[in-house]
Structures are given as C-alpha cells and as structure tokens.
Amino acid sequence: MGDLSALDADETAFWRPLMRIMTALPRALEDHFLPETGLAITDYGVLVALSEAPGRLLRISALAATTGLSLSRISRVVDDLTRRGLVEKRRCAEDGRASNAVLTEAGLTRLEAAYPGHLARVRASVFDHLSAEDIRTAGPVLARLAAALEATPPTDDC
C-alpha cells in the first residue's frame, strides 16, 4: 500500500472536485441521454466499443476490458442489448466456452442516431468549460490515471 499520510492541501484541492465530477458527470449525461435515445451511457459505451472493433465484434472479456466493466456487468449489458436487437451474442469459434458480442445494423443505426445528442451533451458538460490549454494539459494526466486503474482490473469479488 502507498503513502497513508493525510492528503495535503493541493491533493485535497484535486481530489474533492474529482470525486464530485465522478458523481455528477455520469448523472448529467444520463439524465438527458436516456430519455432522448433510450440508451444508458453504459449501453452507448458498449456500442461505441463494438463499432470501433474489427468486424464490429469483440470477445465478451475483451469488451469488458475495453469498457472498464466487470465480466458480470458486461454480460448483463450485452444480454439486454441482445434482447433489444442492438447486439448479437455468438459463440467464439476459437474457444467454445467464450462468447463474442457483435454490433447489429440496428445497433449501428441507434448509435449513429444517438451520437449528435451525446456529443452536444459532452461539449456542454465538459469542453465548453475548458480552454484548449486545459484540455492539452489535462488529457495526459487523465490518461495516466486511467492506465493506472486499468492495470488493476475490476473484480467481481464481494
């Protein structure tokens, strides 16, 4: 475990707004996005990941890693998207125990329809409040934090 001393003033000034963002941003995006598109932000992230994958197909475990979701959570999301006709679930040819998620044409159409509203909400919630310099400096910092968190994958442990 790392340093267990109390956060100093600079660390506190960074940490507290970060905690507020982690709570407020998903809610701000979701509150508008779900009623407008019928998609939760998590659904949208899964559809984006599949749209960017070769053949619009990813093994479920790779999709979990790409989206930062646990295996049990991604399974529930994929099952829901499958019921809605936005994703297909197929057995993996290389490993019969594994499954792939495939973006359907209906899923791609829904994603494309949702994109303009999502982009507008992201700009209004985040980028309209930042300068170009803020974005240039914060991007690498956030990328480092994300990489550090992704190095320790989430578990399904209780």
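Colleague: L145 first. How exposed is L145?
Modeller: Partly exposed, with a relative accessible area of 37%. Keep in mind that this is a predicted model.

Colleague: Why does 37% count as partly exposed?
Modeller: Because buried means under 20% and exposed means over 50%, with partly exposed in between. L145, at 37%, is therefore partly exposed.

Colleague: Where is L145 placed?
Modeller: In helix α6. That helix covers 132–150.

Colleague: Which residues form the nonpolar patch on the surface?
Modeller: L145 is one of them. L7, F14, W15, M19, M22, V141 and L142 are there too. Together the patch has about 720 Å² of accessible area.

Colleague: Which helices supply at least two residues each?
Modeller: α1 and α6. The largest share, four residues, comes from α1.

Colleague: Switching to charge. Which residues gather in the patch of negative charge?
Modeller: D3, D8, D10 and E11, on the surface.

Colleague: Take D10. Where is D10 found?
Modeller: In α1, residues 9–37.

Colleague: Is D10 buried or exposed?
Modeller: Exposed, because its relative accessibility is 65% and the cut-off is over 50%.

Colleague: New topic, S99. Which strand does S99 lie in?
Modeller: β3, residues 99–103.

Colleague: Buried or exposed, S99?
Modeller: Buried, because S99 has 15% relative accessibility.

Colleague: What does the side chain of S99 make a polar contact with?
Modeller: The side chain of R91, at 3.3 Å.

How values were computed
Residues numbered from 1 in each chain as written. Predicted model: local features only at pLDDT ≥ 70, side-chain atom pairs only at ≥ 80, totals over all residues. Heavy atoms only, no water. Patch = residues over 30% accessible without salt bridge, like charges linked within 9 Å, V, L, I, M, F, W, Y side chains within 5 Å. Areas by Shrake-Rupley, 256 points an atom, 1.4 Å probe, with all protein chains shown as cover. Salt bridge = Lys/Arg side-chain N within 4 Å of Asp/Glu carboxyl O. Lys, Arg positive; Asp, Glu negative; His and termini not counted. Charge placed at Lys NZ, Arg CZ, Asp CG, Glu CD. Buried < 20%, exposed > 50% of the residue type's maximum accessible area, 1.4 Å probe, protein only. Polar contact = N/O pair within 3.5 Å; in protein donor to acceptor, adjacent residues only side chain to side chain.
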